[in-house]
Amino acid sequence: MAPRRSLTLLSLTLALAASSIVHVPAQQAPQVSPDLFADMKWRNIGPYRAGRTKAAAGVPSQPYTFYIGMVNGGVWKTTDAGRTWKPIFDDQPTGSIGWVSVALSDPNVIYVGSGEGLPRPDLAVGDGIYKSTDAGQTWNHLGLRDAQQIPKIAIDPNNPNRLFVAALGHPYGPNQERGVFRSTDGGKTFDRVLFKDENTGAKDVDIDPSNPDIVYATLWEQRQGPWENGAWSGTSGGIFKSVDGGTTWKPLKQGLPDGIIDAELEVAPSNPKRVYVTLEATGSGTGIYRSDDAGETWVRSTTDARPVSRINEVVPHVHPKDADTLIVTDVVSYKSTDGGRTFVPFKGAPGGDDNQNLWWNPNDPNIMLLVIDQGAVVTLNGGQTWSSWFTQSTAALYHVMTDNAFPYRVCGGQQDSGSVCIASRGNDGQITIRDWHPVGVEEYGYAAPDPLDPELVYGGKVTRYDRRTGQVSNVGPTVAGRGRGGPAAAARPEYRTVRTQPVVFSTVDKRALFYG
């Protein structure tokens, strides 16, 4: 009996023990009431340091009113010649803007082409054409959603409902919705009037200001690759002209080089037979060309290579009242007063570089709007002085991190303008330019504050910035290069790098910095 009693007692003991076990769930995050965050709202802390801007437009009858389009920041408007800017496109589903056009015959009518329209490793595509009939207060989507990149819109100067659209198409693959499209009903419908193939899109389209049936266009065969700076360009494009309102087109070739890759052109408003074109071609044909017979024949106007150093972004802009005067936007802007034969620098730093586009007021040529990689600047005196680019909170910041200072700072790398750490609040009633500073990090990428010392910021490929001394040191993985200056003349990255890659501190070991 003793063994059986022992087993019975053991079973009873195990049963009681099992019944008393408390099942503890895995660790869970504490439940936080959403009500605690009800009063939190987004606020703009800046910096008011403008970012890359592609589109520029103005209103001739309103000399202080301008519109700009950011490559990924929407459309902005100023009515005080650039002193203050207001975003007017934030409610739309895309922020990537390739072009803004204001109708000359009705300044309340504005067309916006979305998608930057300049293929590059860090582009953002758009979703078609937008229109406003109340000077930007409200917008309607019109169509061409699959065009993805729209670098140019030309409006008939006498009819705001007639327009041409250059659609560049998908940057990473073929598609049919590309080429030149025409609308005669204000964008309710579009007809494709110039098309080459599924790999060739339109880059530019211009209407002769004296005869809206004469239209010029350029086509560009291009494709971006799936890796950094992987790109291809072909010669299936070229320069074309229509004399029947865009119904039929002929290629323009006489005097132009063979193997045209891409081109930008402009018709002189004061003499429409004068046409300028900047083009990229195979061989030695890249340059600036001029026609004095409405594009029938061409001559190379200059051998100066400076104005065409970044040819995909080079655009000619002709003076509204003098066909011999033009400004070419490149890394800086160059000006010619002798029909494109000679050029002198017109606008560069301070205020940014990589000039993108220029709008010239036809009523007063002293008034110009220039958009660059650092936003928009306005001149009212022919370029003697310019407005500030520290008036637009349009910085394109790739990533964001915070440090452990008090008040804490928010840090990131800004496209085309370096880097920034900005205080989350100011001590003088607002966050001003006194509350932010560059931190020596390469523009594309991360800015990672040291979690143990907020005065140190790492980033780029990799650098370390010490706020106390203002010095920047290279601390990334490098090996000695053997350049022309000797074994120690240069250092090159030991590992393959791209524009933007992670530089982050571990949250477990705060002395461990990871670089991907």
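The chain has one helix and 39 strands, as seen in a predicted model. Along its principal axes, the C-alpha trace spans about 120 × 60 × 50 Å. Of the 516 residues in the chain, 53% are buried. The chain exposes about 24,600 Å², and carbon and sulfur atoms supply 51% of that area. If you take the contacts between residues at least 6 apart in sequence, 47% of them join residues at least 24 apart.

From here we can move on to the strands. In general, the strands of a sheet pair through backbone hydrogen bonds, in either a parallel or an antiparallel sense. Strand S2 (residues 62–70) and strand S3 pair in the antiparallel sense, over four bridges. One place to look is Phe66, whose bridge partner in S3 is Thr78. S2 and S3 form a hairpin with four residues between them. In its turn you will find Gly74, with a positive phi of about 80°.

On its way through the model, S3 also meets strand S4 (residues 86–87): two bridges join them, and the two strands run antiparallel. Here Lys77 stands opposite Lys86 in S4.

Ile129 has Gly143 in S8 as its bridge partner.

Next, look at Asp156, in the loop between strand S9 (152–155) and strand S10 (163–167). Is Asp156 buried or exposed? Its relative accessible area is 5%, so Asp156 is buried. Setting aside neighbours within four places in sequence, Asp156 is in contact with Arg162, Ile207 and Pro212.

Another open sheet of four strands has the order S21-S22-S23-S24, and its pairing is antiparallel. Its edge strands are strand S21 (315–318) and strand S24 (344–347), each pairing on one side only. The twist in this sheet averages 35° from one strand to the next. Inside it, strand S22 (residues 326–329) and strand S23 (residues 333–336) pair in the antiparallel sense over four bridges, and Leu326 has Ser336 in S23 as its bridge partner.

Finally, let's turn to charged side chains. The structure holds 24 salt bridges. One of them is between Arg274 and Asp292, at 2.4 Å from N to O. This pair links distant parts of the chain, 18 residues apart: Arg274 is in the loop between strand S17 (260–267) and strand S18 (275–281), and Asp292 is in the loop between strand S19 (287–291) and strand S20 (299–300). Arg274 counts as buried, at 10% relative accessibility, whereas Asp292 counts as partly exposed, at 41%.

Arg274 forms a salt bridge with Asp324 too, with the closest N and O atoms 2.9 Å apart. Asp324 lies in the loop between S21 and S22 and Arg274 in the loop between S17 and S18, so the pair ties together parts that are 50 residues apart in sequence. Asp324 is partly exposed, with a relative accessible area of 30%. Asp292, in turn, forms a salt bridge with Arg290, where the closest N and O atoms are 3.4 Å apart. Arg290 is buried, at 9% relative accessible area. Elsewhere, salt bridges that share partners join Arg52, Glu116, Arg120, Arg310, Glu313, Asp354 and Asp373 into one network.

Key: Residues are numbered from 1 along each chain as its sequence is written. This is a predicted model: local features need pLDDT of at least 70, side-chain atom pairs count only at pLDDT 80 or more; totals for chains, interfaces and linings use all residues. Side-chain values use heavy atoms; hydrogens and water are left out. Buried means under 20% relative accessible area, exposed over 50%, partly exposed in between (1.4 Å probe, protein chains only). Contact means heavy atoms within 4.5 Å. Two strands pair if DSSP finds at least two bridges between them. Accessible areas come from the Shrake-Rupley method with a 1.4 Å probe; for residues, only the protein chains shown count as cover. Axes are lines fitted to C-alpha atoms, for helices over the stretch in contact, and angles run from 0 to 180 degrees between N-to-C directions. A salt bridge is a side-chain nitrogen of Lys or Arg within 4 Å of a carboxyl oxygen of Asp or Glu.
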